[in-house]
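Open your viewer and keep the sequence panel beside it. We will go stop by stop, selecting a few residues each time.

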Amino acid sequence: MSPRYAVFGQPIAHSLSPHIHAAFARQEGIELDYTAIESSPEGFAAALESFAASGGAGANVTAPLKETAFALCKTFTSRAKLAGSVNTLLRKGDYWHGDTTDGVGLVRDLTDRHELDLRGRRVLLLGAGGSARSVAPALLDAGIRELVVVNRTPERADELVDAIGEPGRALSRYWDDLRDLGDFELIVNATSAGRDRDAKFELPLSLVNTMTTAVDLNYGTAAIAFLAWARAASCRNIVDGLGMLVEQAASSFQQWHEVRPDTDPVYAELRAKNALAGEE
């Protein structure tokens with residue numbers, strides 16, 4: 001039975017992961033069976049078991065399944081344990097091993113591709129779900145000075161900050177307090193609010209200074225609302241999640257196939273397609 005790979009999520013038809021992994025496989029001369037599988041959180045355990053029985057050797061996991069996937073892993077990396085969330089699964093014998101590559105993908109995209117120095121920066125993280133939990137530890141590891149987590153459900157922000165366990169550097173605040181938080185060099189949107197076609201971000205302009213970079217972990221139409229606010233606020237740099245998507249995929253690919261592909265040509269191709277589609 002040849003090994004199979006897949007990305008799980010709901011919805012999943014829009015996912016670029018099959019295209020990205022196919023491009024990586026062509027680079028490395030690897031024959032790859034990688035598909036997209038839609039699954040609800042309630043049906044994910046059964047779907048993953050069926051996938052494993054059919055030769056599933058590795059999988060990516062996207063919203064809303066990242067925290068459910070974590071609960072289905074027998075072992076996981078320290079960063080996945082800290083996040084309580086996984087986006088990469090590796091089959092080991094009769095069980096799944098979990099990792100989260102979103103954070104390292106984000107940091108690699110910001111520091112290597114966009115040449116940003118994150119050291120000593122004050123960072124605002126909007127959201128406290130699976131995506132936020134995945135990137136928060138990596139941002140701290142990159143040397144930021146302070147991470148302020150704000151979520152509409154404050155208990156979730158408190159849980160994330162408690163899990164990080166660095167009270168001097170990671171803080172939780174209320175959404176209604178945004179006007180009183182001062183300014184930030186990096187603002188990261190890890191919410192899913194932009195997926196609503198009528199979404200509109202109304203964040204205080206006081207969050208922005210002359211050095212502010214605004215990043216949305218979403219890409220395409222889901223990032224439009226937040227990036228529109230960032231442009232209106234005159235943020236110095238505006239970045240969507242496409243680069244992070246490619247970089248986290250490369251980290252997953254490396255775990256499965258023990259070789260890291262070249263991400264630049266794949267990113268350039270997808271960026272050109274997004275620009276042509278008017279989703280830049």
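Predicted model: local features only at pLDDT ≥ 70, side-chain atom pairs only at ≥ 80, totals over all residues.

Start with P64, which lies in the loop between β3 (56-61) and α3 (66-71). Helices (H or I, at least four residues) and strands (E, at least two) are DSSP runs, numbered from the N terminus.

Residues are numbered from 1 along each chain as its sequence is written, and side-chain values use heavy atoms, leaving out hydrogens and water.

**Another cis bond**

Select Q10 and P11. The peptide bond joining them is cis, and omega is about 0°. P11 sits in the loop between β1 (4-9) and α1.

**Two helices that pack**

Next, select α1 (residues 17-28) and α9 (residues 242-257). These helices pack at an angle of about 55°, with axes 10 Å apart. Axes are lines fitted to C-alpha atoms, for helices over the stretch in contact, and angles run from 0 to 180 degrees between N-to-C directions. The angle therefore makes α1 oblique to α9. Angles under 35 degrees count as roughly parallel, over 145 as roughly antiparallel, 65 to 115 as roughly perpendicular, and the rest as oblique.

Which residues of α1 and α9 make the contact? On α1, show S17, I20, H21, F24, A25 and E28. On α9, show L245, V246, A249, A250, S252, F253 and W256. Contact means heavy atoms within 4.5 Å. By class, the contact of α1 with α9 has nine nonpolar, three polar and one charged residues. Ala, Val, Leu, Ile, Met, Phe, Trp, Tyr, Cys and Pro count as nonpolar; Asp, Glu, Lys and Arg as charged; the others, Gly among them, as polar.

**A250, in helix α9**

Keep A250 selected; its place is in helix α9. Is A250 buried or exposed? A250 is buried, with a relative accessible area of 0%. Buried means under 20% relative accessible area, exposed over 50%, and partly exposed in between (1.4 Å probe, protein chains only). Leaving aside neighbours within four places in sequence, A250 is in contact with F24, R260, P261 and T263.

**D109, in helix α5**

Jump to D109, in helix α5 (residues 102-113). D109 is buried too, at 1% relative accessible area. Show R113 as well: the side chains of D109 and R113 make a polar contact (2.7 Å). A polar contact is a pair of N or O atoms within 3.5 Å; within protein, one must be able to donate a hydrogen and the other to accept it, and residues adjacent in sequence count only if both atoms are side-chain atoms. Not counting residues up to four places away in sequence, D109 touches H114, V239, D240, G243, M244 and E247.

**Two positive phi angles**

Select E115, in the loop between α5 and β7 (122-126). E115 is not a glycine, yet its phi is positive, about 55°. E115 is exposed, with a relative accessible area of 68%.

Then pick S234, in the loop between α8 (224-232) and β12 (237-239). S234 has a positive phi of about 60°, although it is not a glycine. S234 counts as exposed, at 58% relative accessibility.

**Last stop: A230**

Finish on A230, in helix α8. A230 is buried, with a relative accessible area of 0%. Not counting residues up to four places away in sequence, A230 touches A214, C235 and I238.
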